[in-house]
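I am keeping these notebook entries as I look things up, with the terms spelled out as they come.

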Amino acid sequence: MGELVTEKHVRYILAAEKRKDDFESVVMEHLRMNGVYWGLTTLDLLGKLDTVDVNEFVSWVMSCQHESGGFSGNIGHDPHILYTLSAVQVLALFNKLDIIDVDKVTKYIVSLQNEDGSFSGDIWGEVDTRFSYIAISCLSILHCLDKINVEKAVKYILSCKNMDGGFGCTPGGESHAGQIFCCVGALAITGSLDLVDKDLLGWWLCERQVKSGGLNGRPEKLPDVCYSWWVLSSLIMIDRVHWINKEKLIKFILNCQVVLAELLSCDFESDTENGGISDRPDDAVDIFHTYFGVAGLSLLEYPGVKPIDPAYALPVDVVDRIFFK
Amino acid sequence: MGSDSDEEQHRVRLSQRPEWSDVTPVPQDDGPNPVVPIAYTQEFTEVMDYFRAVYLADERSPRALGLTAEAIEFNPGNYTVWHFRRMLLESLSSDLHSELGFLERISEGNSKNYQIWHHRRWVAEKLGPESANTELEFTKKILSIDAKHYHAWSHRQWVLQALGGWEYELNYCSELLEEDIFNNSAWNQRYFVITRSPVLGGLEAMRESEVHYTVEAILAHPENESSWRYLRGLYRGEATLWVNDPQVSVVCLKILRSKRNYVFALSTLLDLLCHGLQANQDFGDAVDALKTSDLDKHDTDLARTVCSILERVDPLRANYWNWRKCMLPHATNSASKK
């Protein structure tokens, strides 16, 4: 119970990457770009990025770029801001950002900013503070943050601040740890953290820790491994991470990953006895939870896991390479 | 997940349907390694191969529309299919009311799916204010299954602001809170309504009745984080009003005296003291009664005492309460103990 089962995670991720024809992979094929980012970042955090074929991934990523400059979730799909960030992040992991046509990607993201400073996900106009974070993070990595209206972008994010100090998806939307990560991350990257009420938000965030040591995403909800990332990274960005009980959280995450590892070692196709995992078509949620668990442990400085940047959600050495080379 | 085996027996493969005989399906361009998939995957793969064919050909036809429905039924997460479906609906000038019906069927078991909600919003926006009621009813249905459903609440807020229907929203919040007073989403919606509804008077006008409502809720369940936060929110931008309103300090006192579930009562008292509350002896006595023998009985400062108790009774956040204690000014505006 008390250790990180690194080998199992690495084996799982590598196997998932190769698996393309089972039901889960087919169902998730439109968001493969996200899955690749989660999987590869996890591998890098565990020091195993060199086990994959760089060129194969890089050429696949580039074949997902469209005329508009945006990237799609997979070949044959439409571009969306979600996959554009993941694509740039994957290339950053492989230190291949130089092959990107930066102007093209920038143009795509700039085109998605609205009058009020918010960002749409794609041409269909859905607005969400997640997209604000994505736009800001992506352009920052490409050193083109000045191409959007940063002031308006920040103003919009602040309009989503609630009286509990947290942030929602749109103005008035309930404070949610995932949305808070996006808003705080965006404000951190744009140098606007002074506009956050760090004490009030810090308290809201540390109230997410429940008796089991895990973190939930909103009051009175159940704890989940993925909140280890969103709550923790937010707390770190506002310098309040010491307000939660780290030891209890580490225990919680390790418990989750053991259960997950046991489930993951089952044959997905034929094993129906384990309920949840083999029934749900949402297989990518396993890569998703594996990534967030490992990323959470990284933030908690767990031995054997590389440090991760809380704002960019990439290994610190990758971020250093982007900004300080 | 997916259709049951009975349904699959009746479903005819696309390659067997005469109306599709002129189309060559386009497989996913994904590289080699064709492992033989299980039957269910084969059907789904076939639908997607035919979808790709009509999508690449940009065929705006009724059969293409029907095909997107099949593809969506297999996998509602595929945003490209939704994208093409919207283009088809526009080209074919399809009846958007029946589209709402299609969405309802798909939503069963898929309510956490972003694409469905986004598509629904697109349809509702096109239908305009006449669809406000339908949309409110739909979200109500989802919320009756999962009262904290984030997408549903987000959609509901959008409907109210874009299409209207505010009249019964405060009532609806009350109903949900009666079912579950701990529903943070419902408290958030309540705040949304009292601050933004065009049919109410705004936060200031609503403050008195809302304070009364909230105090009742707090007394019933003092361990409810949402109600305490809501109470604070009612005095947004008016810290002095909040500190001086006896209802606020009195509810703290009542809970402290009950000696049960008093963590939020203590933290609220702490905040009040930090904002200048002149606490009388009653508070000192009530807080004293919560001390244990371990606690420094010589701590004469009320605020410091509150912090010490919180460190003990809310140990997960001991660091936070310790920090609060360190941040207290040395000579605080609190009642002296002895």
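Is Asp95(B) buried, partly exposed or exposed? I found it partly exposed, with a relative accessible area of 47%, where buried means under 20%, exposed over 50% and partly exposed in between (1.4 Å probe, protein chains only).

I note that this is a predicted model, in which local features need pLDDT of at least 70 and side-chain atom pairs count only at pLDDT 80 or more, while totals for chains, interfaces and linings use all residues. Residues are numbered from 1 along each chain as its sequence is written, chains are lettered from A in the order in which they are written, and side-chain values use heavy atoms, with hydrogens and water left out.

I placed Asp95(B) in the loop between helix 4 (79-91) and helix 5 (96-107) of chain B, helices being DSSP runs (H or I, at least four residues) numbered from the N terminus. I saw that the side chain of Asp95(B) reaches the backbone nitrogen of His97(B) at 3.0 Å.

Next I looked up Arg207(B), which lies in helix 11 (residues 203-220) of chain B.

Last I turned to helix 5 (residues 81-93) of chain A, which has 13 residues. I found 12 of the 13 buried, so this helix is largely enclosed by the rest of the structure. Just after helix 5 of chain A, Asn95(A) takes a positive phi of about 55°.

Key:
Helix = DSSP H or I, 4+ residues; strand = E, 2+ residues; numbered from the N terminus. Polar contact = N/O pair within 3.5 Å; in protein donor to acceptor, adjacent residues only side chain to side chain. Expected span 1.5 Å × (residues − 1).
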